[in-house]
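Please look through the sequence and the structure shown here, and then follow the paragraphs below from one region to the next.

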Amino acid sequence: MKPELINSLKGYNSKAFLSDLIAGIIVGIVALPLAIAFAIASGVGPAAGIFTAIIAGFCISAFGGSRVQIGGPTGAFAVIVYGIVDQFGLGGLATSTILAGIILILLGVFKMGGLVKFIPYTIVTGFTAGIAVTIASGQIGDFFGLHPDFSTPMLILGEEYSKLPGDFLPKMIAFAKSFSTINLYSTIMAVICLAFIFIWARFVKKIPGSIIVIVLATIASVLLKKFCNLSCDTIGTFADGSAHFSIPRITELKPVLPDFSIKTMIALFPSAISIAVLAAIESLLSAVVADGMIGAKHDSNMELVAQGIANIASPLFGGIPATGAIARTATNIKNGGRTPVAGIIHALTLLLILLCFGKYAAYIPMPALAAILINVAWNMAGFPAIKALIKGQKSDIFVFLITFVITVFVDLTVAIEVGLGFAAFFFIKKMIDLSEVQNERQIMTGGIKKDQPGEDLDIPQGAIVFEIEGPLFFGTVRKFELATERAQADCKVLVLRMRNTLYLDAGGVKALEQCKQACDRKGITIVISGIHTQPYMLFEKSGLADLIGREHIFDNINSALEHTRTLLKN
């Protein structure tokens, strides 16, 4: 495990630096509105988003296992962070984020980067689409300029709320109840900004339209307020109700130590798991996409360590969770970034913007940020992937839908757990359906059988050959038991052909032991043919090899049948 930055600096030259410099500056400018928007969508101040992009972005590039990964706050965390802040406050968010960072480092150190590949594609598609819906729906208030009145608690679904609810359904009801407060000016601005972003993307590929929208919308908002007395919510009014808000300078920050009491850590551990899992999945998916774009290969374990370092450092300075950002990573690649130096320059660019122009962020209109986030949600939803899934098998559609619905209406962690449960269930069922114990279609009792092209089986009278198709595990044991019970009536030797049995579990071992006991009572000898490595190793460890007799275990059917003839003669 070695940071990719060290590998990239070998043979590094001025031409590579110039390319990384241009890409890093462009990505830094692009990341500014996204960092602010994701922070506000997460229920924290806009400064938290920029601090996260600077600190976490630097750490991910400096210590990561990918050459071009750009890290920072992403929309996927908005749902989780909003819920944590709503329930535990900013201190709870810092604690859960640092715990998540520790978990990520441990995953990397113990080389668990490959485990993310075991999360089914249907689940990833489901919770990604669910998060996209949650992000988009959360922008309804800013998009239309709504002002829900919580001066007196609002009754929603039998529960009183003194601020905007974090859950999807209560939030939608709160917006619906306050739709009479719609601001037509905010709505028009948001619609124009959203349309501009979509149109811009059709003609300009390298630079996202979000940064252009922020600049133009901010200028228009200031001018329209001054000359036409038209106003809408801005970051300044969002932050403290005044137009004099400015983002604190990084030099004014002091490290914040979170609460690490046992009680707090136990309460926040599920949230930390959610952050760690999401950070691992999104960062490694982003790294895989980046690999395909530049023809390289990332170190998944080193990348997890870097994500962990970033998520420990970020909350100490008021930041939020961070991970690899696919859109910013793609922007980096398209603009010529080829080493982690570009990611470091991106973080330094954000730092310079913060120090020199941070005070002007107060004038950025909220409808413009809402339009940017709705565009992010649209791109994040993955409509082509969903369309392809719907054309597939019913089990995949069900896993996708259940993950999607639970992500939107319940919780991301629960969605992943339930999705994994159903995916495992359907996988086991499929394995059971595909596994067979055959003695009619492919195998016969006595005579010569053409089992497959080029193979003649001379099976002697008094012997039965059974072929086990597929894994012999707890789900297929009953099929094996029923088949062998029917076969034990008229034979002296039972040959179990296991050439297509690549996997055996404790349930399969137990079934074989019971089959051996039943055969012993009837004076039938069991011969094993074509056993693979994993089943044989389990034979050895469980003592089944000695129980059956090592002299009755063969690696091919011809040797097994020759031994069978010898047994029948005796």
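Helix H5 (residues 121-138) passes helix H17 (residues 394-409) in a right-handed crossing, a crossing being right-handed if the near helix is turned clockwise from the far one by less than a right angle, and left-handed if anticlockwise. This is a predicted model, in which local features need pLDDT of at least 70 and side-chain atom pairs count only at pLDDT 80 or more, while totals for chains, interfaces and linings use all residues. Residues are numbered from 1 along each chain as its sequence is written, and side-chain values use heavy atoms, with hydrogens and water left out. Helices (H or I, at least four residues) and strands (E, at least two) are DSSP runs, numbered from the N terminus.

The axes of H5 and H17 come within 7 Å and cross at roughly 35°, where axes are lines fitted to C-alpha atoms, for helices over the stretch in contact, and angles run from 0 to 180 degrees between N-to-C directions.

Another helix, H4 (residues 78-109), contains Leu104, which counts as buried because its relative accessibility is 0%; buried means under 20% relative accessible area, exposed over 50%, and partly exposed in between (1.4 Å probe, protein chains only). Leaving aside residues up to four places away in sequence, Leu104 touches several residues, including Ala276, Leu304 and Asn311.

Turning to the strands, E8 (residues 463-469) has 7 of its 7 residues buried, so it is largely enclosed by the rest of the structure. In a regular strand the side chains alternate between the two faces of the sheet. In E8, Ala463, Val465, Glu467 and Glu469 point one way, whereas Ile464, Phe466 and Ile468 point the other way.

Strand E8 runs parallel to strand E9 (residues 493-497), joined by 5 bridges, and two strands pair if DSSP finds at least two bridges between them. Phe466 has Leu496 as its bridge partner in E9. Strand E9 also pairs with E10 in the parallel sense, again over 5 bridges, with Leu494 standing opposite Ile526 of E10. Strand E10 (residues 525-529) is mostly covered, since 4 of its 5 residues are buried. E10 is joined in turn by 2 bridges to strand E11 (residues 553-554), which runs parallel to E10, and there Phe554 is the bridge partner of Ser529.

Terms used. Contact = heavy atoms within 4.5 Å.
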